[in-house]
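Please open the structure in your viewer and keep the sequence beside it, so that each stop of this tour can be selected in turn.

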Amino acid sequence: MLSLHSARQRPRPPRRQAPRIGLAIAGGGPIGGMYELGALRALDEALDGFDPTAVDCYVGVSSGAFLAAGLANRLGTEAMCRIFITGDSDDVRFRPETFLRPALFEYLRRAATLPRLTVQWWQGLLLGPRDARWDMIPRIGGVLPTGLFDNRELERFLRGVLTRRGRSNDFRELQRKLYVVAVDLDSGDPVLFGGDGWDDVPISVAVQASAALPGLYPPVEVRGRHFVDGALRRTMHASVLLERGIDLLLGVNPLVPFNNTLHNSNTQHDSGRAADADPRRLAEGGLPAVLSQTFRTLLQSRMQVGMAKYAGQYPDIDQLVFEPNEADGELFFTNAFSFSSRRRVCELAYRNTLADLRRRADELQPVLAAHGIGLRDEILADEHRTVLDGLRPPPPRSTETTARLRRALDDTERLIANRRRAGSRRS
């Protein structure tokens, strides 16, 4: 599903200056991240003149921050597919269990307070006023851990990726601007890692903080303050980029509410089974399904309000946001932490994004052309194309030195291509 807000009037950039492009990637847990990877891979292949590792600025939230940090370090969509989907990367070895290790330290730290609270409970129960006995219940809540999984492993994994082969774990050393958003737990205020005053925090720590979804991962302490998932304030934080003078915003949001009525009507049409057309079926999924739909609906409505407002605030900026289709039950009913489903979800996103580009090609062509981007007809024409079709044969095993050399050659090729493109624009 593609949301497009075309600029009312596009200011012409200076003759030697290319249009500025910003990429905003929302959160959505591990499966949301895999959906975003599939969408980004489709854009990478189908848009001629668009390189997701070479846009002017990035903003990432939660799992989107993970991808944005890689792209800003010129870790492309093909390399990420090799890491997370095919597993044949010569660079990074991905182990899903790394991200789902129980937060044992958090459990033990909380459990250590249980004896004291138990004594206080019995004292209040035996000696305190009857109406004050229930005052201890909130205190017992302090025994519960703030997160089920240990997000220190996430930080350690990302730090390892960003500190070798010419990549950097320092916001200040990147060629492109990267912003990672988290929320201060004690004040509810968003903090922009990579922005003024917060660019000295390691990127891996910033991503760890932005992805600390309450209840699943513990808050992350930075400078004596505790941070949690950046999506608690806004879904995509696109305004971070819009305020920085870009000409084109590309956004990816993997969380939309599931339209069960649409899904059931399609199923009934395809199979003729009237029993499937029951819009109340979501409730049969119990509390997880209800909470998931509620969470998605809140995020989606908030983002729609924001994008509508941005269209008025930034009328000279083209804005494209790619999302799942609202009838995609396959995505909704997939466990958000099921890494075993990552290839299937990535494939779904890839197909959805290519279908959106194909369906609205006539409308998109003039918008994209204004920013030096075209549509690759041969990619869009292949309706059976998969996310793996564009992957080249696995590269030979490389050392740190050969990886840096390959990176330098890629830089040279990109520089030559950019100069040719700039020359064609001037002519």
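How are H2 and H3 oriented to each other? Select helix H2 (residues 63-72) and helix H3 (residues 77-86), which pack at an angle of about 130° with their axes 10 Å apart. H2 and H3 are therefore oblique to each other, a word for angles that are not under 35 degrees (roughly parallel), over 145 (roughly antiparallel) or 65 to 115 (roughly perpendicular). Phe66, Leu67, Gly70 and Leu71 of H2 make the contact with Thr77, Met80 and Phe84 of H3, where contact means heavy atoms within 4.5 Å.

A note on what is shown: this is a predicted model, in which local features need pLDDT of at least 70 and side-chain atom pairs count only at pLDDT 80 or more, while totals for chains, interfaces and linings use all residues. Residues are numbered from 1 along each chain as its sequence is written, and side-chain values use heavy atoms, with hydrogens and water left out.

Next, select helix H11 (residues 286-313), whose 28 residues should span 40 Å at 1.5 Å a residue, and whose end C-alpha atoms, 41 Å apart, agree with that. Among the buried residues of H11 are Ala289, Arg296 and Tyr310, buried meaning under 20% relative accessible area with a 1.4 Å probe and protein chains only. Their cover includes strand S1 (2-5) and helix H12 (329-332).

Finally, go to arginine 165, in the loop between helix H7 (152-162) and strand S5 (177-184). Arginine 165 has a positive phi of about 55° although it is not a glycine, and at 10% relative accessibility it counts as buried.

Technical notes
Axes fitted to C-alpha atoms, helices over the stretch in contact; angles between N-to-C directions. Helix = DSSP H or I, 4+ residues; strand = E, 2+ residues; numbered from the N terminus. Expected span 1.5 Å × (residues − 1). Buried < 20%, exposed > 50% of the residue type's maximum accessible area, 1.4 Å probe, protein only.
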